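Hi,

Here is the model I said I would pass on.

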Amino acid sequence: MKAEINPNKIVVLSGAGISAESGLSTFRASDGVWQSHAWQELASPEGWRKNPQAVLAFYNERRRQAWEAQPNPAHLALAALQDAYEVVIITQNVDNLHERAGSKQVLHVHGELAYARGQSAQAKRYLIGGAPISLGQLCEDGTQLRPDIVWFGEEVQYYAEAQAHIASAAKVLVVGTSLAVFPIAGLVKHARYHAQKILVALDEMEKPWGYTFMRGKAGEIVPALAQTWLAQAGA
Ligand code: NAD
């Protein structure tokens, strides 16, 4: 049986584009980090086995940049919506800008730069914040610490939970994601027929069925949308 729609619930699916105006490079932009690095070398278990030093250096740099960045008006507007709504953010981002903006319910389906872990799937996670991981730093199971990032070919986190949230939302906002990475891109289709469904992106893209496409910068569109939604709630 499908979950009931909660009229007071907003679910946001965010991607790299929401952090672009904070100065963090996106995945596929022409200046994107992945254009200058082969992803097979940096974001895969094979790359890690071949050259852990290079992988650690890459993520240490991503973490350093993310910790220097500040939440932008889009992150802040989503946090402000919590004044009147239950807001759940499902993010593909590995930065912590949603949390630093004040969002309380954030599911990091592709992992988090803020954590390190050992090699096995059951290995303990360690909160490292903005600190780098060095070769030789071990988990208590004796294995080398790696970033707690979901690499290509690895299983995403919180999928069932994310699906249940999106299926019970009255409003679904998809922002800053090209919807090119599966299975997370498939979550959009779990939004309900009667839910208000909005897609915000800078580039033209194929919009999923039932979504209204608003093309432009997240830092401009999301605060305006949040104002409208807060006014609707009488806040
Ligand atoms: P993507 O790079 O594939 O797509 C980015 C999308 O954001 C595009 O649709 C683009 O039009 C849009 N965009 C760019 N700038 C925007 C802006 N200012 N306002 C609104 N939209 C904007 O990103 P993705 O779909 O998230 O790619 C998936 C992977 O990239 C994720 O797995 C994620 O882990 C990884 N990633 C994360 C970060 C981060 O944590 N900040 C950064 C780079 C990559």
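Below is what came out of the analysis, starting with the domains.

Ground rules: this is a predicted model, with local features needing pLDDT of at least 70 and side-chain atom pairs counting only at pLDDT 80 or more, while totals for chains, interfaces and linings use all residues. Residues are numbered from 1 along each chain as its sequence is written, and side-chain values use heavy atoms, with hydrogens and water left out.

The chain splits into domain 1 (1-24 + 70-110 + 155-235) and domain 2 (26-68 + 113-149); the bounds come from an automatic or database domain assignment. Their C-alpha centres sit 25 Å apart. On the domain 1 side, 15 residues are in contact with ten residues of domain 2 (contact being heavy atoms within 4.5 Å). About 970 Å² is buried between the two, and carbon and sulfur atoms give 53% of that (buried area is the accessible area, 1.4 Å probe, that two parts lose on being put together, summed over both). In domain 1, Leu 24, Val 94 and Asn 96 lose the most area to domain 2, together 40% of what that side buries.

How many salt bridges cross the interface of domain 1 and domain 2? The rule finds zero there, although a search of the whole structure finds nine (a side-chain nitrogen of Lys or Arg within 4 Å of a carboxyl oxygen of Asp or Glu).

Now the backbone. Phe 182 and Pro 183 are joined by a cis peptide bond, omega about 10°, and Pro 183 is in the loop between β7 (169-175) and β8 (196-201). Tyr 158, in the loop between β6 and α7 (159-167), has a positive phi, near 60°. For context, most residues other than glycine have a negative phi, and most peptide bonds are trans.

At least three of its residues come from each of domain 1 and domain 2, and α3 (45-50) and β6 (146-149) each supply at least two.

Cheers

Note on methods. Helix = DSSP H or I, 4+ residues; strand = E, 2+ residues; numbered from the N terminus.
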